[in-house]
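Student: Please show me a protein chain, and let me ask about it.

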Amino acid sequence: MSTFSLNDNQRQIKDSMHRFAVDEIRPLAEQGDEDGVMSAAFLEKSWQLGLSTSVIPEDYGGYGFDRSVLDNVIMIEELAWGDLSMGIAMITPNLFVLPVLEMGSDEQQRRCLPGFCEETYAAGSLAIMEHSPRFDVSNIRTTAKRASDHYVINGEKCLVPMADNARCFIVIATEDPGSGYGGVGAFIVEKGTRGLKVKAREKNMGLHALESFRVGFSDLEVPLENRIEGFDYTRLIACSRIGLAAAANGVAEASKEYCLDYAKQRDAFGFPIATRQSIAFMLADMAIEADASRLLTLEAAWTADRGENALRMAYLAKDYAASKAFKTADMGVSIMGGHGLIREYPVERWFRNARAFSMLEGMIMA
């Protein structure tokens, strides 16, 4: 990282993900947002990239590549540049795969990971957010109480991506209410478990093509062996926030590039509007904030890959990237003028999507 350059493998990741975003994501993004539907054919095509299978050990049917938060950051930014909803859907299985891979027991990995090495798209998800205007990841209200040979989970989660199709979830619940990070546990919950209810799909301001749901737990019994004993909650939150920061950078980059091209081509009173000082200053701000946000995110990812506690760096990266992505999208709407409000132009979609970053937790895993 001290060289500020990508190695050959990282350049290959960036180039291949960008090509996929250009060829496969961008052509479907507008219609997906309008229809509010994720194309099943698209998910199957994206599955062939092996974004989840690649890090699963060969013994379980994967490719056995090294786990790298930094590599995932590069991948996520390019996919979000294509479209945030579609990018999240592509990597939603990692919300389940990566925590099990990093923190699960050998038995849990042997039982759960082979299902994500099949030829067709396999959905898994993470249930962490709760419906509260003051949601705090250190103050989880969903509870898990130990019984004789199982845990009993009660509560409700929101913004759980792809929950209706997920074959299994990692559910975050507190075992000791009021004890903060230290009292939080993670539990593997399989689809069809009694007491698990996937409720109606949520209607959100942005992320129209991404299906997210509220998920309820009513006296749901989880076997003792489904508790992830090696669970590191701060690590999970850090990797999630780093992933969200990378996605925010992708949305900001998309808005910056599009508006720069538009400002160079759009004439007003005989001159491109890019030559107007007010427009030029906004474009300069976009470029400055994009680079600053990206560097913060890369540093946080580098810290996580070193095995250090990245919670502070991840918070700074996510907070900065979220605010600057929204600012960049807002300036993009301003630069576009009246066109910025017309749905056939992508900037209004990026504006709606960027607004979500300041509130999201646990929807992406780097």
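This is a predicted model: local features need pLDDT of at least 70, side-chain atom pairs count only at pLDDT 80 or more; totals for chains, interfaces and linings use all residues.

Tutor: Residues are numbered from 1 along each chain as its sequence is written, and side-chain values use heavy atoms, with hydrogens and water left out.

Student: What is the radius of gyration of the protein chain?

Tutor: The radius is taken over C-alpha atoms, and the globule rule is 2.2 Å times the number of residues to the power 0.38. With 366 residues, a compact globule would come near 21 Å. The protein chain agrees with that, at 21 Å.

Student: Is glutamate 289 buried or exposed?

Tutor: Buried means under 20% relative accessible area, exposed over 50%, and partly exposed in between (1.4 Å probe, protein chains only). Glutamate 289 has 12% relative accessibility, so this residue counts as buried.

Student: Which helix holds glutamate 289?

Tutor: Helices (H or I, at least four residues) and strands (E, at least two) are DSSP runs, numbered from the N terminus. The protein chain has ten helices and nine strands. Glutamate 289 sits in the run of residues 277–305, which is helix 8.

Student: With which side chain does the side chain of glutamate 289 make a polar contact?

Tutor: Contact means heavy atoms within 4.5 Å. Beyond four places in sequence, glutamate 289 touches Tyr320, Lys324 and Lys327. A polar contact needs N or O atoms within 3.5 Å, one able to donate a hydrogen and the other to accept it. At 2.4 Å, the partner is tyrosine 320.
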